[in-house]
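Welcome! Try each task before you read its solution.

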Amino acid sequence: MHLNLKIFVLLVCGLWSASSSQAALFEDDEARKAILDLRQRVETIRQEADQSRKLSTDESTSLGKSLLDLQRQLELLKTDVAALRGVNEKLMRDLADMQRSQKDQEQLTSERFAKFEPVKVQVDGLEFFAEPTEKRDFESALAIFRKGDFVNAQNLFVSFIGRYPASKYVSSALFWLGNAQYASRDYKEAVINFRALISRDPVHLRTPEAVLSVANCQLELKDAKGARKTLTDLVKAYPQSEAAVAAKERLSTLK
């Protein structure tokens, strides 16, 4: 009995010990499983973190490259803008130079044409248009006369009349030619040119003076009779002229 009891106790103890061992074994498996799960989660989180870090690094690298590319593009754009500004400034200078050159050319062309365009002149009470060269030649001859160079003045007036026979300057040219010849004591030639003026233009402002000059030439040539007739004709033809007043005075002194 005691033996059976001992065996029973041993059996119970063995069963209890086996049961306890199974319980401990079960608890160790659960712990290991939890640890493994935890490790797996940690690994997953680590991998996700690494992946996120890698993506962030890649994005940062990509962003850095994009920023560098943008910076290079901005520098290129600045260079292009500077080049365009330089080109534009050069074009503006070229345009200004071209406009200035065109203006100078137009002025030069205008001046050249002006040398050939008729100009309005007033001489001895007459107003008319004359060619620039015609005006220049007449004024040059008259200037020489006024300097007292009567010989050269005669040559210039003769040349003028031959060059411009239809000019409205001719009547005045004949008058001054006659005066240059009178001053040179070439009375006969002076009479010819004074009478040419009288015949050509009897209403010219200088015609009464030309008639009086003919009379003076006749007196110098000792033709008192001819001078008297010329002075008488002057008073009759141009009674209101200053030359007629001088003619009357001269007639009163003639015998």
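This is a predicted model: local features need pLDDT of at least 70, side-chain atom pairs count only at pLDDT 80 or more; totals for chains, interfaces and linings use all residues.

**Exercise 1.** Decide whether Trp176 is buried or exposed.

*Solution.* Step 1: take the relative accessible area of Trp176, 12%. Step 2: recall that buried means under 20%. Step 3: Trp176 is therefore buried, given its 12%.

**Exercise 2.** Find the residues with the most contacts inside the largest nonpolar core.

*Solution.* Step 1: this core has 28 residues, and those with the most contacts inside it are Phe138, Phe157, Tyr169, Trp176 and Phe194. Step 2: trace where the core comes from; strand 1 (119-123), strand 2 (126-130), helix 2 (132-146), helix 3 (150-163), helix 4 (170-183), helix 5 and helix 6 each give two or more residues. Step 3: helix 4 gives the most, with seven residues. Step 4: apart from this core lies another, of eight residues, including Val211, Leu231, Val235 and Ala243.

**Exercise 3.** Describe the surroundings of Phe194, not counting residues up to four places away in sequence.

*Solution.* Under that rule, Phe194 touches Phe175, Gly178 and Asn179, and also Ala210, Ser213, Val214 and Cys217.

**Exercise 4.** Locate His204 and work out what its side chain reaches.

*Solution.* Step 1: go to the loop between helix 5 (187-200) and helix 6 (207-220), where His204 lies. Step 3: follow the side chain of His204 to the backbone nitrogen of Arg206, at 2.9 Å. Step 4: beyond four places in sequence, His204 touches Asp124, Leu126, Ser171, Ser172 and Leu197.

**Exercise 5.** Which residues form a nonpolar patch on the surface, with about 530 Å² of accessible area together?

*Solution.* Step 1: the patch is formed by Leu63, Leu67, Leu70, Leu74, Leu77 and Val81. Step 2: pick out Leu70, which is found in helix 1 (residues 2-114). Step 3: the relative accessible area of Leu70 is 44%, so Leu70 is partly exposed.

Technical notes. Residues are numbered from 1 along each chain as its sequence is written. Side-chain values use heavy atoms; hydrogens and water are left out. Helices (H or I, at least four residues) and strands (E, at least two) are DSSP runs, numbered from the N terminus. A polar contact is a pair of N or O atoms within 3.5 Å; within protein, one must be able to donate a hydrogen and the other to accept it, and residues adjacent in sequence count only if both atoms are side-chain atoms. Contact means heavy atoms within 4.5 Å. A nonpolar core is a set of buried Ala, Val, Leu, Ile, Met, Phe, Trp, Tyr and Cys residues joined through side-chain atoms within 4.5 Å. Buried means under 20% relative accessible area, exposed over 50%, partly exposed in between (1.4 Å probe, protein chains only). Patches are made of residues with over 30% relative accessible area and no salt bridge: like charges are joined within 9 Å, nonpolar side chains (Val, Leu, Ile, Met, Phe, Trp, Tyr) within 5 Å. Accessible areas come from the Shrake-Rupley method with a 1.4 Å probe; for residues, only the protein chains shown count as cover. A salt bridge is a side-chain nitrogen of Lys or Arg within 4 Å of a carboxyl oxygen of Asp or Glu.
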